[in-house]
Amino acid sequence: SDLSLADAITADATRMAEIESFADLNIDTSGLKPADMRRLLLSGLGAPLRAQIPVSVISFSYRNGMPEEADIALDMRFADNPHWIEELREKTGRDAEVDAYLAQDEAAQAVMRHAKDMLSIMLDRMAGEGRPAVTIAFGCTGGQHRSVWAAETIASWLRKRGHEINLHHRELDGSA
């Protein structure tokens with residue numbers, strides 16, 4: 001069409017005026033941020049904002065690429081690597097021995113504390129904006145030890161805070 005943007009908007013407004021009386025909800029989106037529009041739409045439809053949004057937590061190996069669905073990703077390759085400890089090599093981040101090993105890594109523990117602080121703020125804001133869900137991913141070299149441990153740690157913490165959790169270990173569960 002050869003209409004200018006202004007003419008197209010006017011034409012659309014004219015067409016919409018013809019059916020406006022049939023609408024149950026009329027929201028003027030002029031100047032609204034997406035989060036404000038989502039909140040108004042949910043409110044207008046009678047859908048309450050969730051106090052705790054559902055969270056998907058994924059562990060992955062950087063060798064196989066980052067998960068495309070990740071909203072937030074944290075690289076765990078800085079943490080001490082259980083792979084280099086013979087008795088831990090075949091274990092995973094789900095095993096108590098790996099948890100005990102990483103419990104002694106002060107940097108890994110500090111990052112998990114800061115991640116919890118950061119996620120508390122972020123998830124509260126996202127819930128207040130009506131965000132439907134969020135995906136948090138933890139990566140390491142092989143996707144077996146550190147990323148799995150971090151995903152398990154955060155998923156457990158989030159469950160205790162009342163979040164619905166979907167936990168997936170991409171490399172362990174066999175679907176990339």
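Leaving aside neighbours within four places in sequence, Ile 165 is in contact (heavy atoms within 4.5 Å) with Val 55, Val 57, Ala 155, Leu 158 and Arg 159. The model is a predicted one, in which local features need a pLDDT of at least 70 and side-chain atom pairs count only at pLDDT 80 or more, whereas totals for chains, interfaces and linings use all residues. Residues are numbered from 1 along each chain as its sequence is written, and side-chain values use heavy atoms, with hydrogens and water left out. The pLDDT, which is the predictor's confidence in each residue on a scale from 0 to 100, has a mean of 90 over the chain, with 94% of the residues reaching 70 or more. Confidence is lowest in helix α2 (residues 34–44), where the mean is 71, and highest in α5, where the mean is 98.

Ile 165 belongs to strand β4; helices (H or I, at least four residues) and strands (E, at least two) are taken as DSSP runs, numbered from the N terminus. With a relative accessibility of 17%, Ile 165 counts as buried, the term buried being applied under 20% relative accessible area, exposed over 50% and partly exposed in between (1.4 Å probe, protein chains only). Ile 165 and Ile 154 are eleven residues apart in sequence, and their C-alpha atoms are 10.0 Å apart in space.

Strand β4 is part of an open sheet of four strands, arranged in the order β2-β3-β1-β4 with parallel pairing, where two strands are taken to pair if DSSP finds at least two bridges between them. The edge strands are β2 and β4 (165–169), each of which pairs on one side only. From one strand to the next, the twist averages 15°. Strand β1 (residues 55–61) runs parallel to β4 and is joined to it by five bridges, and within this pairing Val 57 stands opposite Leu 167 of β4. Strands β1 and β3 also pair in the parallel sense, over seven bridges; in β3, Val 134 is the bridge partner of Val 55, while Ile 136 is that of Val 57. The parallel pairing of β2 with β3 extends over four bridges, and here Leu 74 has Phe 138 of β3 as its bridge partner.

Six of the seven residues of β1 are buried, so this strand is largely enclosed by the rest of the structure. In β3, seven of the seven residues are buried, so that strand is likewise largely enclosed. In a regular strand the side chains alternate between the two faces of the sheet.

Helix α5 (residues 146–160) lies across β1, β3 and β4 and runs at about 170° to β4.

Aromatic rings of Phe, Tyr and Trp (its six-membered ring) were paired if their centres lie within 6.5 Å, with planes under 30 degrees apart counted as stacked, over 60 as edge-to-face and the rest as tilted. By this rule the count comes to one aromatic pair. The pair is edge-to-face, because the ring centres of Phe 60 and Tyr 62 are 4.9 Å apart and their planes stand at 65°. Phe 60 is buried, at 0% relative accessibility, whereas Tyr 62 is partly exposed, at 21%. Arg 77 lies over the face of Tyr 62, at 3.7 Å from the ring centre; a charge is taken to sit over a ring if NZ of Lys or CZ of Arg is within 6 Å of the ring centre and within 35 degrees of the ring normal.

Asn 81 is located in the loop between β2 (72–75) and α3 (96–103) and is buried, with a relative accessible area of 18%. Apart from neighbours within four places in sequence, Asn 81 is in contact with Tyr 101, His 145 and Arg 146.

Note on methods:
Axes fitted to C-alpha atoms, helices over the stretch in contact; angles between N-to-C directions.
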